[in-house]
Structures are given as C-alpha cells and as structure tokens.
Amino acid sequence: MPSLTSSAMREEADAYYESRASESSHPSPSVQPVIKPESDHGAAPDVTFESVARATSRSDFIAETCSINEGTVLGERSTLLQSTPLATPLPPTRLSITTTHGDIFSVAPSRTVFIHACNCAGVWGTGIAAEFRLRYPKANTRYASYCKKNPSDAKPGTALLIPPSPASEQKNEPQHYVGCLFTSRHYGRRKDVPARILANTGPALLDLLRQIRDARNVGEDVGELRICKINAGKFAVPWEDTLKALRSLKLEPGMESEITIFL
Ligand SMILES: Nc1ncnc2c1ncn2[C@@H]1O[C@H](COP(=O)(O)OP(=O)(O)OC[C@H]2O[C@H](OP(=O)(O)O)[C@H](O)[C@@H]2O)[C@@H](O)[C@H]1O
C-alpha cells in the first residue's frame, strides 16, 4: 500500500471516522486529526491507510501514527501530543456493571452510595426500604419530608441523593449516602404498572448520577455506587427487564459509570 500524503490521509481518516460514528452509538469525537499540513513541519509523516484502519479511535490513531513514525518525526511527536488534548480517551457512555452476591450493606466503605427504588409518597414500608429506615433513620426523615414538602419535585423518573448525616460524622460512624430512585408514584396496591416503573427507572438513575456529578464538582467526596435488585420485589417488575433498562442507559459526560449490583 503506498504512503498517502497528509491531506489525502486526513480525508481518509475523516471518512473512516464518519462511517464509524454512524455505525456506533458513541458520539463522534469533536476533535480534528492531529496531522499537520506538510508546510507546518517539513516532510509529511509516513502513515498508511492501514494505520487509520487499525485504530479504533482518534486517540488510537494518534498513538499509531506516532509509533509508526518513531525515528522520523520523533522530535515532533512531543509537540503534537503537547499541543492537543486528543490523547484523552472518550468517556464511557454506558454503565459499567459489576454483579455480586450478598448483603448490600456489608463492609461498605465510607462515602458509599446505597441506591434503592422508592415511591413518591414518602414511605419506606417493607422490603429493603424497611432496612434503610432502620439503618438510616435520618435519611428516612429527609426522604419523607422531601416527598411531603416537594410533591412537584418528588416525581416518578427523578431521584434524591441524601448525604451522610452530620451526626454520623460526629459519632465517627460510617458516612453513607442514600440514593432514592423514584420509580413508582405509589406503593402497595396503588403502585405503578411494571411498564411505567421501567420507563421511570432509567431517567431516575440518570437524575441521581447528575446529582452525584454535581456534588463531586463542588468537592464532595461521593464514593462507590451500590444498588440492589431494584423493582424486583415489592414493585414486582421482572429483574431482567430492569437490568436491560440499566444496561441501555446513555451516560452524560462526567457521570460515574461504575456500579455494583447486589443480587
Ligand atoms: N440487604 C440486602 N442486600 C441486597 N439486596 C437486598 C437486601 N434486602 C433486600 N434485597 C433485595 O432488594 C430487592 C428490592 O426489593 P424490594 O421489595 O425491597 O423493593 P422494590 O424495589 O421491588 O420495591 C420498592 C418498594 O418497596 C417498598 O414498598 P412498600 O413501601 O413496602 O410498599 C418501598 O417503599 C418501595 O415502595 C429484592 O430483590 C430484595 O431481594
């Protein structure tokens, strides 16, 4: 395969990435190829179309380009990499899910976020919600008053991130967050139908991830995310359906992507 000129290669690279972007659900990177015009730095890098085709992202392409040109444009390599932010990998756009068995509350590091499905009526009645009520009474009070005082905010498809209580800090107890996903308006016999609960689940988790991102952005130390088999008990939604909804979630930039499900 003959070598391409840098402008021809830029066109090949653009065409290649445009076709990849249309095949994939990942957003197309808003970056430009790093190869400079020949006039910028003398001889064009000796890059073939195979190096473009081998690369799976533009940053791979840069790495590939640099390694191919070791010895010939090595002096320029550092300039290229320093002058461009392109080597940063694309942020994950899907949840990275780890599953484990056991008690969600066992041996949890400080700052862990425990996530469960909630109704919008302010009641942690039975199931794992009752366990939350006993373990985190202050969080229960906060959740109940949020639902009562802000009925227009506590809507299905939203979430509430409850920070650790200051009292737990004073008593030197573990500092835990509670993440409430409002997946059904009511509970018991008035709970929403499974299809509605499922439709609320993705937006509720995204809202929680937004709140976590915002808290971290102002310097809060929000730790790992743990979630139970939400919706699968009292809400009577088949677990596989909820898992599918979690897997298909599209994350926004800066959102936490790692989550552990306790089965
Ligand atoms: N320690 C533990 N570690 C790990 N997993 C644990 C566990 N303990 C239980 N689980 C599992 O956690 C899943 C969720 O099952 P749940 O039935 O609780 O919740 P859900 O999400 O279906 O429903 C929400 C409504 O439940 C309540 O409703 P009430 O108010 O009583 O009307 C709330 O208030 C909401 O409204 C089930 O797989 C359990 O095996």
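How do the residues of the shell around the ligand divide into nonpolar, polar and charged? They divide into 12 nonpolar, 8 polar and 3 charged, where Ala, Val, Leu, Ile, Met, Phe, Trp, Tyr, Cys and Pro count as nonpolar, Asp, Glu, Lys and Arg as charged, and the others, Gly among them, as polar.

## Basis of the model

This is a predicted model, in which local features need pLDDT of at least 70 and side-chain atom pairs count only at pLDDT 80 or more, while totals for chains, interfaces and linings use all residues. Residues are numbered from 1 along each chain as its sequence is written, and side-chain values use heavy atoms, with hydrogens and water left out.

## Overall architecture

The protein contains 10 helices and 6 strands, these being DSSP runs numbered from the N terminus (helices: H or I, at least four residues; strands: E, at least two). Of its 263 residues, 43% count as buried, a term that stands for under 20% relative accessible area, with exposed being over 50% and partly exposed in between (1.4 Å probe, protein chains only). The accessible surface of the protein comes to about 14000 Å², and 53% of this belongs to carbon and sulfur atoms; such areas come from the Shrake-Rupley method with a 1.4 Å probe, and for residues only the protein chains shown count as cover.

The unreviewed UniProt entry carries the annotation "domain: Macro" for residues 115–245; UniProt positions are given in the numbering used here, feature names are shortened, and annotations may be inferred rather than shown by experiment. Over residues 115–245 the chain is 44% helix and 16% strand, with the end C-alpha atoms 15 Å apart.

## The ligand and its shell

The ligand is surrounded by 23 residues, of which the closest are Thr 126, Ile 128, Asn 231, Gly 233 and Lys 234; a residue is near a molecule or strand if one of its heavy atoms lies within 4 Å of it. A polar side-chain atom of Asp 103 lies 2.9 Å from a nitrogen atom of the ligand, whereas oxygen atoms of the ligand lie 3.0 Å from a backbone N or O atom of Val 123 and 2.4 Å from a polar side-chain atom of Thr 126. Taken alone, the ligand exposes 780 Å², and the protein buries 82% of that. Strand E2 (113–119) and helix H6 (127–135) are the elements that give two or more residues to this shell, and H6 gives the most, with 3 residues.

## Thr 183 in strand E4

Thr 183 belongs to strand E4 (residues 177–184) and counts as buried because its relative accessibility is 0%. Its side chain is joined to that of Asn 231 by a polar contact of 3.1 Å, a polar contact being a pair of N or O atoms within 3.5 Å; within protein, one must be able to donate a hydrogen and the other to accept it, and residues adjacent in sequence count only if both atoms are side-chain atoms. Leaving aside neighbours within four places in sequence, the residues in contact with Thr 183 (heavy atoms within 4.5 Å) include Ala 117, Asp 192, Arg 196 and Phe 235.

Arg 226 lies in strand E5 (residues 225–228), and at 7% relative accessibility Arg 226 counts as buried. A polar atom of the Arg 226 side chain lies 2.7 Å from the backbone oxygen of Ile 104.

Ser 110 is found in the loop between strand E1 (96–100) and E2, and its 40% relative accessibility is why Ser 110 counts as partly exposed. A polar atom of the Ser 110 side chain lies 3.1 Å from the backbone nitrogen of Gln 175.
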